[in-house]
Amino acid sequence: MDAAKQQDASSELVALSVKQVLDDGNTDTRIVVLKSDDAGVTLPIWVGSAEGNAIRLAMDHVVTPRPMSHDLIRSFADHLGVRIERVVITDVKSSTYYASIAFASKGLHRTLDARPSDAIALALRAGCPIYATQDVLNRRTAVHLDAWINRLDTNNTETQQA
């Protein structure tokens, strides 16, 4: 494969959706589990507990008494005529993921760098799609990932029932 074709393949986007947010029992973090529509691709991203909570609230369509940061950003966008178009998980370096938020206003299209947790929380509130580049998916650590997530999900369920 020549360099141009290889670059095109690595920049292909795979549509993902948030399937669940799990508590990591070993740390005070949350794991956002993203999956492709056909469930052939799983991408877990570790985020802080507050960030994981913001994503959970958006997944559950919870309206807080006062707007959270992501609600405020969406409100600004709505009032200023800015359309949030999509979120892309763009890179991973030393187990740290990077994302971008694409938006448009008055025919002008731009992207902003963002933490994946903020980008995902905003995407859920704005109803825009979430993607990851094929390159990011190729570089994730996926050894027995689904079995590990299922075991962690079972542990979370048992903890919540106790």
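How close do the axes of helix 2 and helix 4 come, and at what angle do they cross? I looked this up in a predicted model, in which local features need pLDDT of at least 70, side-chain atom pairs count only at pLDDT 80 or more, and totals for chains, interfaces and linings use all residues. Residues are numbered from 1 along each chain as its sequence is written, and side-chain values use heavy atoms, without hydrogens and water.

**Entry 1: the helix pair.** I found that the axes of helix 2 (residues 49-59) and helix 4 (residues 116-126) come within 9 Å and cross at roughly 15 degrees. The two helices are therefore roughly parallel to each other (angles under 35 degrees count as such). I noted that their crossing is left-handed.

**Entry 2: the contact.** I listed the residues that make the contact (heavy atoms within 4.5 Å). Helix 2 contributes Glu 51, Ala 54, Ile 55, Leu 57, Ala 58 and Met 59, while helix 4 contributes Ser 117, Ile 120, Ala 121, Leu 124 and Arg 125. By type, I recorded 8 nonpolar, 1 polar and 2 charged residues in this contact.

**Entry 3: the whole chain.** I recorded 6 helices and 7 strands in the protein chain (DSSP runs of at least four residues for helices and at least two for strands). From the N terminus, their order is α-β-β-β-α-α-β-β-β-α-β-α-α. Of the 162 residues, 38% are buried (under 20% relative accessible area, with a 1.4 Å probe and protein chains only). Among the contacts with a separation of 6 or more, 52% join residues 24 or more positions apart.

Key: Axes are lines fitted to C-alpha atoms, for helices over the stretch in contact, and angles run from 0 to 180 degrees between N-to-C directions. Angles under 35 degrees count as roughly parallel, over 145 as roughly antiparallel, 65 to 115 as roughly perpendicular and the rest as oblique. A crossing is left-handed if the near helix is turned anticlockwise from the far one by less than a right angle, and right-handed if clockwise. Ala, Val, Leu, Ile, Met, Phe, Trp, Tyr, Cys and Pro count as nonpolar, Asp, Glu, Lys and Arg as charged, and the others, Gly among them, as polar. Buried means under 20% relative accessible area, exposed over 50%, partly exposed in between (1.4 Å probe, protein chains only).
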